[in-house]
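Q: I have a chain open in the viewer and would like to go through it piece by piece. Can you help me read it?

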Amino acid sequence: MGLTATRTRSAAQRREVPKSRGGRPTKTAAIERDQRLIEVATRLFLDRGFDATSLDAVAEAARVSKPTVYSRYGDKRGLFAAVLRREIERWLAPLSAAAETQLSSASDIPVEQRLVEIGREMLTFTCGPDAVAFSRMMTSQAINFPDVAKLGKEEGWLKAVSTTARFFDHLVAQGALDLEDTTIAAEVFLDVVVGHTHRMATFGMALEMKPAEKRMRAAIKLFLAGALGRAARVQDAAKGPQRRRPSR
């Protein structure tokens with residue numbers, strides 16, 4: 001009897017969240033609790049969708065009290081925003097890493113090859129099942145919750161544009177591209193390279209990487225044709241009008 005009681009008490013102690021002297025969870029325990037909440041909420045939103053996911057279900061699955069969830073995130077919209085922010089950071093990480101890799105690569109590597117490497121990373125993370133599922137949820141909730149749409153724009157789209165624009169600034173500085181506005185160029189690049197494929201995935205079309213990459217490569221060629229064509233026009237304009245030789 002005593003041994004059973006001891007085992008039960010030990011198991012209960014292992015489940016308890018470490019407390020500070022004031023009775024509150026320690027900083028480490030609070031961080032772990034929040035991470036667990038976000039992980040559980042992410043899984044439930046993906047499995048059930050926004051409407052069918054409740055804060056009560058999240059609290060139960062995460063093994064925390066309901067008041068803790070409500071005090072931390074306020075309502076389901078606040079929890080979804082926290083989940084979305086974390087997911088966007090995950091989606092942007094490969095783009096940032098790819099851009100940094102290309103920034104440090106040798107300058108003699110063709111621009112097209114550099115852009116293909118970035119485009120491939122973008123296809124992988126923006127058209128994956130989780131990214132598509134969250135894109136659908138964000139779109140469906142944007143009308144009722146404009147702040148969710150604002151979060152997606154500011155934390156997702158604008159940061160992706162900024163990262164790509166910095167990479168284009170680097171290429172311009174190297175003389176590899178001639179772009180009048182690298183921010184607009186980044187917006188066009190992101191849209192033509194992955195925009196169509198992402199939209200089709202959002203509509204429920206199965207993603208086939210081989211055709212998607214073929215389309216991505218063609219889009220990059222068109223993008224470069226415009227950028228390099230402008231460079232040629234600038235050079236021609238700098239030379240000035242050429243005089244025609246008199247005919248003999």
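Predicted model: local features only at pLDDT ≥ 70, side-chain atom pairs only at ≥ 80, totals over all residues.

Q: How many helices and strands are there in the chain?
A: The chain has ten helices and zero strands. Both are DSSP runs numbered from the N terminus, a helix (H or I) having at least four residues and a strand (E) at least two.

Q: What share of the chain is buried?
A: Buried residues make up 38% of the 248 residues. Buried means under 20% relative accessible area, exposed means over 50%, and partly exposed is in between (1.4 Å probe, protein chains only).

Q: And the accessible surface of the chain, what does it come to?
A: About 15500 Å², and 54% of that belongs to carbon and sulfur atoms. Areas are from the Shrake-Rupley method with a 1.4 Å probe, and for residues only the protein chains shown count as cover.

Q: Let's take H8. How many residues does it have?
A: Helix H8 covers residues 146–174, which is 29 residues. From first C-alpha to last it reaches 41 Å, close to the 42 Å expected at 1.5 Å a residue. The expected span is 1.5 Å times one less than the number of residues.

Q: Where does H8 bend?
A: At Lys-153, by about 30 degrees. The bend is the angle between axes fitted to the seven residues ending at a residue and the seven starting there.

Q: Which residues of H8 are buried?
A: Among them are Val-148, Leu-151, Ala-160, Phe-167, Phe-168 and Leu-171.

Q: What follows the helix?
A: Gly-175 follows H8, and its phi is positive, near 80 degrees.

Q: How many salt bridges does the count come to?
A: The count is 14 salt bridges. One of them joins Arg-90 and Glu-39, with their closest N and O atoms 3.2 Å apart. That pair links distant parts of the chain, since Arg-90 is in helix H5 (residues 76–103) and Glu-39 is in helix H2 (residues 27–48), 51 residues apart. Arg-90 and Glu-39 also belong to a network of salt bridges with Arg-86 and Glu-87.

Q: New topic: is Gln-141 buried or exposed?
A: Gln-141 is buried, with a relative accessible area of 6%. The residue lies in helix H7 (residues 129–142).

Q: What does Gln-141 touch?
A: Leaving out residues up to four places away in sequence, Gln-141 touches Phe-50 and Asp-51. Contact means heavy atoms within 4.5 Å.

Q: Last one: which residues form the nonpolar patch on the surface?
A: Ile-184, Val-188 and Val-192, with about 220 Å² of accessible area together. Patch residues have over 30% relative accessible area and no salt bridge; like charges are joined within 9 Å, and nonpolar side chains (Val, Leu, Ile, Met, Phe, Trp, Tyr) within 5 Å. Val-192 is in helix H9 (residues 182–202) and counts as partly exposed at 32% relative accessibility.

Technical notes. Residues numbered from 1 in each chain as written. Heavy atoms only, no water. Salt bridge = Lys/Arg side-chain N within 4 Å of Asp/Glu carboxyl O.
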